[in-house]
Amino acid sequence: MQLCWLRNDLRLSDNHALWHAREQGPVVVVCLLCPTTWQEHADAPIKMDFWLRNLASLSHDLQALNIPLRVLEVPDWQDAPEALLQLADEIGSNGLHFNDEYGIHEQQRDDAVAATFERAGRSCQRYTDQLLFEPGSLLTQAGSMFKVYSQFRRLAYRELHRSCPPCLPRIAAQDQAPCASDPVPTELADFRASDSQRALWPAGEAAAAERLSLFCEQIMADYDAQRDRPDVDGTSRLSAYLTGGVLSVRQCLHAALTCNQGEFDSGQAGAVSWINELLWREFYKHILVCYPRVSRHRAFRPEMDAVPWRNDPAGLQAWQHGKTGFPILDAAMRQLLATGWMHNRLRMLSAMFLTKNLLIDWREGERWFMQHLIDGDLAANNGGWQWSASTGTDAAPYFRIFNPLTQSERFDPQGDFIRQWLPELAGLTGKQIHQPIKADLFNAIDYPAAIVDLKQTRQRALETFKSLGDSA
């Protein structure tokens, strides 16, 4: 009997741990519920609600294959080794299979589980599944991890041309279930999403496959031109499915290659651009493993821990709740609070405003995003925040500071995105909607004045970072 432990890999197709476990004989699947650890890691209620709904969908699919799903609740990740070993004893399993995860706590947990099983004389087989390449396998000529994305991407392309990771087939059914399944809770206290949020994010492999097909057939061709526009449906919106492992990165890559006649770095601009985004995701996960300090709330560039961030509770609260007086920023935050998702261009814009114009520690924003994002992923979220704050790998130079007004006019030219999320500004036209205080109508609408002067705060940020010397 094989035991397969699933975490953020809730799918039957192209799942390395599940496929290999099933190839070796009858299999039982197990998942652990760890609410205490989820709270410690600031996982968003909408994210864990989505994970639970995906688990329920997986349970239904497994039942059709006569594969039991056991669901165990443990107080903390530290309790995982003993809980899994007890289950292995109960079902008579002599082997455990799981796909590697890459945060420092996840690695410590998985190492402890593997050591516990080995001490008990049971096998433990681990697989690279979340990624195209095992972390640490793409290195510079000096043998170190890349710090510049373009150099990492170049080697990744070369390796993909040499050998593209295939997608594994869907697992086969069993003749009979070796034990009974456990019910999947419909919800957990402190991890609930609203009905309207649930409707936006249908769960399960079939829903993920449907969105991937829609993206490939109707959106990908224009992805390069449209992906920075929050007022149109121009992105894949697959990040939540990738984060939960309902969809694999290999499935995404092969879908893009199919649209692009098998080409990685030439051909259809939209497909190439999206493959590059998949490689950004890859890059940040490799960074997480090769430079573990980013898992410890440290700047990737150690010298940038010296930035004298401001303590500004009022400014932070205004940013968090969409009350900065800059419509594009406030619309972005309201989108996040309502849907659990924010357009990527607006993530960068919001992060740069917090860290540069407000000069508030990037860790405050990183935590807020994780507490609300359905696709909250430590590597991608940390990488994006440190990029915007100029503290990370291959980060934006400190003197590159997005202007929310010009960005708004460029990427939401008609103000349609702003009107969707700030109905109080719906009556404004033209450039008025991007900067309502200049419309001479400010007193007639219920919208706050800008909380900072962009020119003055930009200069303050430049002086602050410049004072750090060449290290900045």
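This is a predicted model: local features need pLDDT of at least 70, side-chain atom pairs count only at pLDDT 80 or more; totals for chains, interfaces and linings use all residues.

Where does Asp231 have its place? It is found in the loop between helix H9, residues 223–226, and helix H10, residues 239–243. Leaving aside residues up to four places away in sequence, Asp231 touches Phe411, Asp412, Pro413, Asp416 and Phe417.

From this loop I turn to the chain as a whole. It has 20 helices and five strands. Its C-alpha atoms fill a box of roughly 75 × 50 × 50 Å along the principal axes. For 472 residues, a compact globule would have a radius of gyration near 23 Å, and the value for the chain, 23 Å, agrees with that. Buried residues account for 57% of the 472 residues. Of the contacts between residues at least 6 apart in sequence, 77% join residues at least 24 apart. As for the surface, the chain exposes about 19,800 Å², and carbon and sulfur atoms supply 48% of that area.

Next, the sheet. In what order do the strands of the open sheet stand? The order is S3-S2-S1-S4-S5, and the pairing is parallel. Strand S3, residues 69–73, and strand S5, residues 123–127, each have a single partner strand, so one side of each is left without a neighbour in the sheet. From one strand to the next, the twist averages 25 degrees.

Two of the pairings may be described further. Strand S1, residues 2–5, pairs with strand S4, residues 95–99, in the parallel sense over three bridges; here Cys4 has His97 in S4 as its bridge partner. Strands S2 and S3 also run parallel, joined by five bridges, and Val30 has Arg70 in S3 as its bridge partner.

Helix H3, residues 45–64, lies across S2, residues 27–33, and S3, and runs at about 165 degrees to S2. Helix H5, residues 104–119, lies across S1, S4 and S5, and runs at about 150 degrees to S5.

Thank you for your attention.

Definitions and conventions:
Residues are numbered from 1 along each chain as its sequence is written. Side-chain values use heavy atoms; hydrogens and water are left out. Two strands pair if DSSP finds at least two bridges between them. Helices (H or I, at least four residues) and strands (E, at least two) are DSSP runs, numbered from the N terminus. Axes are lines fitted to C-alpha atoms, for helices over the stretch in contact, and angles run from 0 to 180 degrees between N-to-C directions. Contact means heavy atoms within 4.5 Å. The radius of gyration is taken over C-alpha atoms; the globule rule is 2.2 Å times the number of residues to the power 0.38. Buried means under 20% relative accessible area, exposed over 50%, partly exposed in between (1.4 Å probe, protein chains only). Accessible areas come from the Shrake-Rupley method with a 1.4 Å probe; for residues, only the protein chains shown count as cover.
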